[in-house]
Amino acid sequence: MRLKAEHTQKLKGIIVQFGFTIAGLLILIQATAAWQTREHWMVLFTYTLLTLIFSFAPMRTLNSTITLNNAVIFTGILLYGAWVGVWTALIETLIIAFLVRFHLIKALANTGQLLLTIWLVDFMQRVLIEYHVNSMISDMILAVVYWLVNIVLCAIGISYYFKLAWFSTVKNLAKGTTLIYLILMLTGAIAVRLVEGYGLLALLPIIAVIAAFNGVVRQYFKGLDNLKAKVDEIKALNRSFLTAMAASIDAKDQYTSGHSQRVAHWAKEIAVLLELPPEKIEEVYFGGILHDIGKIGIEDEILNKDGKLTPEEFNRIKQHTVIGYEILKQAGVFQNLLPAIRSHHERIDGRGYPDRLRGENIPLMARILAISDAFDAMVSNRPYREGVPVAEALCRIEEGYGSQFDEEIAKLFVKYIRELPPEKLKAYIRQGEQTEKEEFLEKALS
Amino acid sequence: MLLDVIAISFLIAFLRGGRIKDIPKFYRLYLLAISIILQVCAGIWHEIAGIFISLSYLFILLFFFFNKQHEDIRIFLLGWFLNALAIWSNKGRMPIDLEQAKKLPYDLEPVINGTNFKHSVLTEATNLPFLTDIIYMPVIIPRVISIGDLFIMLGAFLLIQRLMNKPISLIHLREGKNYAAKG
């Protein structure tokens, strides 16, 4: 499998570095013959001017900006043939090389790729003319051919330089740019036919259309940017709200300072190990932050009691899962976190609380939190006792495989903790714990 | 040379609210001096003017190269490079298309009989004819320009905008940002 990937990468390298360059050079040499003719000079001059203008008139797409140069090249091919396209591509390359950056090998590959596209489109055009295809239809076909060849060849280059899969690169390119690309190409084709029929003045309405269209696109993306900023703002607000809530839970229970933060941290690490999608990982993290929110409803005397709890008091503490669940449910916020809060004390063998759920019936998020909750409860220091050494805590988790914990997840976690550098592990375990000095200050202030 | 372009550029910069603040700094000005001296030499020794002019272009390219931290200079570099290609490949003289040049109010006799040390007549034998002086530009001062001159004019425009403290960044334009450069 790996060998195959290496072969593909090598093949891409040959295509990009030699194939594109050599093809580009051959096409360039072929085109220069047409540049010698006196009648063509005005065309070359005009297209230089157009390139100069359109190299600096970009249009934004979903995840990049594209310049209108491809449309200019396309009009050149339709009106005169490949030699104008090659000239335009060359002038743009020169402008970029002198103005922005110069990287010989990449420039050769990139220009070669573009020249190859131009040559293929021109070739297709000649075939279509041969078969007497109506120019309106052939323009549309050629626009699609241009776009398709361009992204397919581009994707080879991109996937080679960034070591990505070729086909998914093609898909990504297509997803982001197709519609705007096609609009520009087709507008170019329409411009060509209008200019042919009505002379250069026909460019005016076309330019107006492009400008107006650009305006609409700008407005659209401005709205999108604003919306994104708003969403980010709300997310940040949510985050700080949740963190404040966690802090208030921890403040109420003096034994477990910073507990929610740490449980959230370990739970997030587990979610990453499980390769969950980013939004799920975030959800797990906030599940960790809020998992003990129900403790708000438990009497302080029970929570902070020194010494052993009576069975009644213990039953009362068990209620925090249901209380937390009810609080969030009634508030109507963070509905996606409800299962985590209700079920993080369930056991795989069905002897947990509050619902005595079994195995896979326990939501994934709760199974994750059960492990991170237990781990932190064991290893963190409490005012009345030192934390258990990490190695012992891991042994106890191992003992709980299949009974208390989901074996698969717990195994991943144990392996991860064992491989974590000791100083990192220590920093995480002590994270959020109050130092003696802070405790003293707190007492002095209260 | 480019008096009209320069005047218009200043006018535009002025209308954009630009004022001269301080003269931009150039590095290695001696390269520019050498280039000018070589041009003068070409005027004196007509027989080997081609060599002087070719060298003069080399030095001015070097001068731009060492000052290329500004965008306008990079555009100059490109324009001068394209012109240099035409001059170097045609024995140190810029071929000019007589068909276009006829529209100019100047005496073309020195070009035709070869006494003009800067220009020669464009013929079938000319190398890279598409980079030589082939385009008749009627406004404002009529002249015949090359494709490289187009870039030089743009460079001059940008340089003057920067001189007047209202720089325009082509790179920003290309990236779809605000056109104004920092500075």
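Two residues are taken to be in contact when heavy atoms lie within 4.5 Å. By that criterion, in this predicted model, the contact between the two chains draws 26 residues from chain B and 24 residues from chain A. The size of an interface is often given as the accessible area lost when the parts come together. Here chain B and chain A bury about 2,400 Å² between them, and 78% of that area is on carbon and sulfur atoms. On the side of chain B, B:Phe130, B:Leu150 and B:Arg174 together account for 29% of the area buried against chain A, more than any other three residues.

The polar part of the interface can be taken next. Four residue pairs are in polar contact between chain B and chain A, both members being at pLDDT 80 or more. Three elements of chain B, namely helix 4 (71-88), helix 7 (147-163) and helix 8 (170-174), each supply at least two residues of the side that touches chain A. Helix 4 of chain B gives the most to that side, with seven residues. By class, the residues of chain B that touch chain A comprise 19 nonpolar, one polar and six charged.

Side chains of opposite charge can pair when their charged atoms come close. Over all chains the structure holds 22 salt bridges, and the count between chain B and chain A is three. A:Arg38 takes part in a salt bridge with B:Asp97, where the closest N and O atoms are 2.6 Å apart. A:Arg38 also meets B:Glu99 in a salt bridge, at 3.6 Å from N to O. Because B:Glu99 belongs to helix 5 (residues 98-101) of chain B, while A:Arg38 sits in the loop between helix 1 and helix 2 (41-54) of chain A, this pair joins two chains.

The largest pocket contains about 1,700 Å³ of space. Its lining consists of 48 residues, and those nearest its centre are A:Arg101, A:Asn110, A:Cys154, A:Ile158 and B:Arg174. Among the elements that give two or more residues to this lining are helix 1 (2-35) and helix 5 (104-130) of chain A, together with helix 8 of chain B. Helix 7 of chain A gives the most, with nine residues. The lining of the largest pocket divides into 25 nonpolar, 18 polar and five charged residues.

The largest cavity has a volume of about 40 Å³. Residues lining the largest cavity include A:Glu346, A:Arg347, A:Ile362, A:Phe405 and A:Asp406. By class, this lining has five nonpolar, one polar and four charged residues.

Some features of the backbone remain. In chain A, a cis peptide bond links A:Tyr353 to A:Pro354, with omega about 5 degrees. A:Pro354 lies in the loop between helix 14 (338-343) and helix 15 (364-379) of chain A. In chain B, a cis peptide bond joins B:Val139 and B:Ile140, with omega about -15 degrees. B:Ile140 is located in the loop between strand 3 (135-137) and strand 4 (143-145) of chain B. A:Glu275, a residue other than glycine, has a positive phi, near 55 degrees. A:Glu275 lies in the loop between helix 9 (259-273) and helix 10 (278-290) of chain A.

Conventions
Residues are numbered from 1 along each chain as its sequence is written. Chains are lettered from A and ligands numbered from 1 in the order in which they are written. This is a predicted model: local features need pLDDT of at least 70, side-chain atom pairs count only at pLDDT 80 or more; totals for chains, interfaces and linings use all residues. Side-chain values use heavy atoms; hydrogens and water are left out. Buried area is the accessible area (1.4 Å probe) that two parts lose on being put together, summed over both. A salt bridge is a side-chain nitrogen of Lys or Arg within 4 Å of a carboxyl oxygen of Asp or Glu. A polar contact is a pair of N or O atoms within 3.5 Å; within protein, one must be able to donate a hydrogen and the other to accept it, and residues adjacent in sequence count only if both atoms are side-chain atoms. Helices (H or I, at least four residues) and strands (E, at least two) are DSSP runs, numbered from the N terminus. Ala, Val, Leu, Ile, Met, Phe, Trp, Tyr, Cys and Pro count as nonpolar, Asp, Glu, Lys and Arg as charged, and the others, Gly among them, as polar. On a 1 Å grid over the protein atoms alone, a cavity is a set of points where a 1.4 Å probe fits but cannot get out, and a pocket is an open set with protein on both sides within 12 Å along at least five of seven lines; lining residues have an atom within 4 Å of a point. Grid points are joined across faces, edges and corners, and a volume is the space filled by probe spheres set on the points.
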